[in-house]
Amino acid sequence: MENDGKESYKDGDQSEDLSVEYECSSDESDDIVDLITDLTIEDIWGLVFDTESQVCEFYAKYAKCYGFVSRKDLKMVDANGNINTRQARIRFIRHYRTGKWKVSVFESEHNHPLCPPKYRHLIVVNHGLDEADKTQADSLRAFGVKTCHIIGYMGFQKGGYDKVDFTSKDLHNHISKTRRGKVKDGYAFAVLAYLFSKAYSDPLFLGKFTLKDGRLDNLVWADRESVVDYECFGNVLAFDTTYKKNVYNKPLVIFSETNHHCQTTIFGCALLSDERSETFKWALKEFSEIMSGKLSRDIMTDGDRAMRERWNKIISKYVLAENEWVQGIYNDRMKWATAYLREHFFGRIRTISQCEGIYSLLKNYVDSKTNLLEFMHKFSEVLRHYQNNHLTADFETFYKFPVLTTCLESFEKQAAELYTRNIFKLVKDEIDAAGALNVTECPNSRDIIEYNTSEYFNQQWQFKVSYNKDKDLFADECRLFETRRLPCSHIFGVLKHRNAKCVPTSLILKR
């Protein structure tokens, strides 16, 4: 075999023309590129490699640096007996005694234009995800980061898109392949397998589902944290059915309320097949069974549809379809409904707007291409987000004491000891306002003492407070306590007027 005058080897030596696909590691720096481009022809002739893989890796990097594609040819002669050559090529031979690979032929001239540097990272053999890129992309995707943002983030990480060793198409293909690889026998069975695995690790995790034609039809589930929260705060239940941002267009129902931190807490979730009343009744029934048969005293939902159905039943029952007054009452419901509900406690929520907050967060994790299995995983992320908020609020309450700033320090200190930090802030505002109130006792008071309260320098707004001495109960015309279960400024003003040192237990709601 010819050695071009460089070194002689026995006939048993091996020679190959090289071309390999190039896979660049994620931490490869520009120093490697500079090192290769700085090589002279004499340097290349002097290269020695221990293994064939080192040879392939070198020439692949060399080809990338200079803008052409390398190939590895094991067959030198074609079917016609012609020797396959290219204008630019390199041949390595391996010494049979040392096993070292050395350059035997090197031609640097090309018979075609080289790819400019700004396009070289787009050559097919020059891009692809390595294991580190795949791991990072999978982690970001699992946390709800969109594909376009993943490649943007990794491009920022590495100093530009040309430093990222894969294209957007490579990333999309990898994510699609990963998604398909997680699912066997259809998404419905994958979801059920996921639920069973959750139940195995969480004894309080419960789910109810129905199948139709071998497909998942309706599904309701709740985890341990949700079950415990419902036991504590489930006297009021809010749910909305308007969210459908999933590939199956299934109505998503989230059961929620507010906790003792005045934060949204999620009790459970349901994916339903349709929006019929019977389907919602099934969801509520199964949700109640998951919660050991306990059903909330009050249920808040997207009221137009629910109220309309109830109203229509009343209209039909009493044959009032043609009654203009009745129809007018329904049309004006926004004017009287608030007053009607004024003295009812709904866990400090009056609308289902908190459901909209959940959906707003959910949009960061879910899009229209999200399949059922992905949705289950991503909804778990949303649950963890809210549960972490609760944990943080617990820490703020248990281990931090607020600075007392009002003139009624005894009330403020007691409130700081009794209430969670978020509720304390609301009570503190009422205590602060009480310092600017004028309080006068009404004459002829007996067992029930009445007081008139008004703002200092503003006698226009007056509220009457009644106090039952025997039962130690307060009632105020503003109805703040009845609506929000928090003592109002008028009651604090009366307590100050009576020289009370603490808030009576009748004014403290335990949740």
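Visitor: What makes the open sheet of four strands antiparallel, and what is its order?
Guide: The pairing is antiparallel, and the order is 11-12-13-14. Strands here are DSSP runs (E, at least two residues), numbered from the N terminus. Two strands pair if DSSP finds at least two bridges between them. This is a predicted model: local features need pLDDT of at least 70, side-chain atom pairs count only at pLDDT 80 or more, and totals for chains, interfaces and linings use all residues. Residues are numbered from 1 along each chain as its sequence is written, and side-chain values use heavy atoms, with hydrogens and water left out.

Visitor: Why are strand 11 and strand 14 called edge strands?
Guide: Strand 11 (437-441) and strand 14 (473-476) each pair on one side only.

Visitor: How do you know that strand 13 and strand 14 pair?
Guide: Strand 13 (residues 458-468) and strand 14 share four bridges, in the antiparallel sense. Ser466 has Ala475 in strand 14 as its bridge partner.

Visitor: Why are helix 16 and helix 18 called oblique?
Guide: Helix 16 (residues 421-434) and helix 18 (residues 489-497) pack at about 55 degrees, their axes 8 Å apart. Angles under 35 degrees count as roughly parallel, over 145 as roughly antiparallel, 65 to 115 as roughly perpendicular and the rest as oblique. The two helices are therefore oblique to each other.

Visitor: Which residues of helix 16 and helix 18 meet?
Guide: Val427, Glu430, Ile431, Ala433 and Ala434 in helix 16 meet Ser489, Phe492, Gly493 and Lys496 in helix 18. Contact means heavy atoms within 4.5 Å.

Methods:
Axes are lines fitted to C-alpha atoms, for helices over the stretch in contact, and angles run from 0 to 180 degrees between N-to-C directions.
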